[in-house]
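Thanks for making time this morning. I would like to walk through one model with you, site by site, and give the cut-offs as we go.

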Amino acid sequence: MNYDKDSLYSEAITACDLAYAPYSNVAVGAVALLESGELVSAGNYENCSSPVCICAEHSLICTLNNIKNGVKIVAISVAAKYNKQLIDIAPCGKCRQVLTECSNRQKSPIMVCFSHEGKLLSVSAGELMPYAFDGNL
Ligand SMILES: [Zn+2]
């Protein structure tokens, strides 16, 4: 399925409003385009005990597993605002691992769209996480 990365990124910017980020003031929004054509969004969810904070992308994948179980993800986009100003952000290492396993699980690529140095990139989860842990021991 083709998608417009600019409009998907715009949806991710809107999803920043879902964030609960009173400690870092970095509001992150993530949106997924599903094979059904639906969009589902999530924001990061901080906690005063910072190790238990949840990234927007991880929150999104967990949400999708619970409410849209089995529906494939075509693409996700992530955006962030620091003190309400748009900033570049890419998925962290943990989220790259989560997205890669999700892609492997659904047996189709998930494209990941984000802004890097002011340029909108769209790369597969696998490209974002080369040599990902695959659980094979
Ligand atoms: Zn993350």
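Predicted model: local features only at pLDDT ≥ 70, side-chain atom pairs only at ≥ 80, totals over all residues.

Let me begin with K107, which is exposed because its relative accessible area is 73%, where exposed means over 50%, buried under 20% and partly exposed in between, with a 1.4 Å probe and protein chains only. K107 sits in the loop between α3 and β5 (111-116), and its phi is near 60°, a positive value in a residue other than glycine. As background, most residues other than glycine have a negative phi.

Residues are numbered from 1 along each chain as its sequence is written, and side-chain values use heavy atoms, with hydrogens and water left out. Helices (H or I, at least four residues) and strands (E, at least two) are DSSP runs, numbered from the N terminus.

N83 also has a positive phi, near 50°, and is a residue other than glycine. N83 is placed in the loop between β3 (73-82) and β4 (85-87), and it counts as partly exposed because its relative accessibility is 45%.

Next, the zinc ion. Its protein donors are the SG atoms of C55, C92 and C95, at 2.2 to 2.3 Å from the ion; donors here are N, O and S atoms within 2.8 Å of the metal (3.2 Å for Na, K and Ca), and since water is not among the atoms, sites may look incomplete. The sequence spacing of these donor residues is C-x36-C-x2-C. C55 lies in the loop between β2 and α2 whereas C95 belongs to helix α3 (residues 93-106), so this pair ties together parts that are 40 residues apart in sequence. C55 counts as partly exposed at 22% relative accessibility, while C95, at 0%, counts as buried.

What about disulfides, and how many does a search of the whole structure find? The search finds zero, taking a disulfide as a pair of cysteine sulfur atoms within 2.5 Å. For C16, the nearest cysteine sulfur, that of C113, is 13 Å away, and C16 is buried, with a relative accessible area of 4%. The sulfur of C102 is 9.7 Å from the closest cysteine sulfur, in C62, which is too far for a bond.

Turning to the aromatic residues, one aromatic pair is found in the whole structure. The ring centres of Y20 and Y45 are 5.1 Å apart and the planes stand at 40°, so the pair is tilted; the rule takes rings of Phe, Tyr and Trp (its six-membered ring) with centres within 6.5 Å, planes under 30 degrees apart being stacked, over 60 edge-to-face and the rest tilted. The pair links distant parts of the chain, 25 residues apart, with Y20 in the loop between α1 and β1 and Y45 in the loop between β2 (39-43) and α2 (56-67).

Finally, the count is one salt bridge, defined as a side-chain nitrogen of Lys or Arg within 4 Å of a carboxyl oxygen of Asp or Glu. E38 forms this bridge with K68, and the closest N and O atoms are 2.7 Å apart. E38 lies in the loop between β1 and β2 and K68 in the loop between α2 and β3, so the pair ties together parts that are 30 residues apart in sequence.
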